[in-house]
Amino acid sequence: MSISTFFFAPENKCYHKRCHKEYLIILAVVSGLILSTTLAVVIWLLAYRRSKRRRRSRKVSNPSSAALVPPSWKVFAKEELRSITKNFSEGNRLLGDAKTGGTYSGILPDGSRVAVKRLKRSSFQRKKEFYSEIGRVARLHHPNLVAVKGCCYDHGDRYIVYEFVANGPLDRWLHHIPMGGRSLDWARRMRVATTLAQGIAFLHDKVKPHVVHRDIRANNVLLDEEFGSHLMGVGLSKFVPWEVMHERTVMAGNHGYLAPEFVYRNELTTKSDVYSFGVLLLEIISGRRPARAVDSVGWQSIFEWATPLVQSHRYPELLDPLISDIPEVGVIQKVVDLVYACTQHVPSVRPRMSHVVHQLQQLGLRTASEQARSATSSTAASRMSPLEVESSLWDSFSN
């Protein structure tokens with residue numbers, strides 16, 4: 001061993017040990033920085049996502065939004081409802097039966113008239129859940145939705161208080177017209193269909209997240225003094241047992257208002273409402289229920305009756321015999337085409353309700369222009385002399 005090796009080896013050994021220690025310190029510092037940076041980024045992302053959700057929630061529930069208004073509903077005591085409906089007397093019953101609970105008219109202390117919907121007693125739904133759902137529905141505000149005034153929950157008994165709509169349910173105007181009573185003419189039926197479509201389109205397109213009604217039928221459409229539609233029962237189908245809905249709408253294999261995907265697969269989308277509207281639109285123009293008892297075949301659906309007439313282009317025969325102002329065949333055909341578009345078996349093929357509204361509005365304008373032309377020509381004819389009328393008729397034949 002040389003003298004240099006003897007004197008310098010320990011120093012080199014200490015130097016390498018010191019370098020190794022410094023390397024560990026640097027590695028620890030860098031690792032700490034990386035870990036703290038990663039943790040800070042994760043925390044920032046979580047905070048950002050939470051604030052984004054809060055902003056979105058505030059945007060949806062913003063009272064200044066066109067779709068929503070501040071809740072102006074109250075919780076009624078059961079005794080209050082008994083008082084305003086005269087103890088739910090038969091004289092105050094508007095519609096419904098024991099299975100659905102019934103709807104009764106009532107007058108509040110301030111003199112305003114309301115409709116009180118009594119739901120079937122439930123031991124499954126809690127008071128807090130019921131109030132939460134009613135509060136959500138009460139915030140929805142649109143001219144073609146029935147406004148919710150309040151509700152009541154009393155030991156499982158549930159009630160919803162609605163605004164009163166003067167002309168009552170569409171079902172009565174289509175199927176329970178008293179002898180000599182006034183029936184709906186074509187123009188009024190188109191107004192009913194158009195304003196109803198506007199209410200459904202609002203639920204599907206303007207409310208976020210969108211609302212599926214699930215129970216569109218003639219009894220849930222109320223008519224005002226000008227025969228505008230007000231859709232009732234938004235959110236109410238959640239309180240109606242599945243068995244009751246089927247018993248009410250499915251007869252002898254016919255689906256009634258329910259879309260096929262809802263009946264067979266329990267799938268529910270906005271397109272299910274479009275199907276129900278299509279069935280109701282055919283009911284509005286024909287005056288026939290979705291299913292009718294027929295002696296030879298038992299139950300016959302409205303489409304089993306209508307489809308042969310459509311295939312043979314006998315469109316005027318689809319109309320309710322009570323309609324006096326029969327429109328042009330082309331107008332009837334376009335409405336029937338819309339019916340069949342809405343009731344396609346493949347949900348994705350059905351149109352959006354906003355498209356349906358546009359189509360009905362165009363048909364309404366066309367009908368109005370035809371009526372104006374008819375009125376103008378009849379007025380002009382009444383002012384003609386007999387010789388002028390004869391000459392006009394001759395010109396029309398010769399052309």
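**View 1. Helix H3 (residues 127-138) lies across E1, strand E5 (148-154) and strand E6 (157-163).** The model is predicted; local features need pLDDT of at least 70, side-chain atom pairs count only at pLDDT 80 or more, and totals for chains, interfaces and linings use all residues. Residues are numbered from 1 along each chain as its sequence is written, and side-chain values use heavy atoms, with hydrogens and water left out. Helices (H or I, at least four residues) and strands (E, at least two) are DSSP runs, numbered from the N terminus. H3 runs at about 175° to E5; axes are lines fitted to C-alpha atoms, for helices over the stretch in contact (heavy atoms within 4.5 Å), and angles run from 0 to 180 degrees between N-to-C directions.

**View 2. Glutamate 133 lies in helix H3.** Glutamate 133 counts as buried because its relative accessibility is 13%.

**View 3. Six strands form an open sheet with mixed pairing, in the order E1-E5-E6-E4-E3-E2.** Strands E1 (74-75) and E2 (93-95) are the edges, each pairing on one side only. Two strands pair if DSSP finds at least two bridges between them. E2 and strand E3 (residues 103-107) run antiparallel and are joined by two bridges. Leucine 95 has threonine 103 in E3 as its bridge partner.

Notes. Buried means under 20% relative accessible area, exposed over 50%, partly exposed in between (1.4 Å probe, protein chains only).
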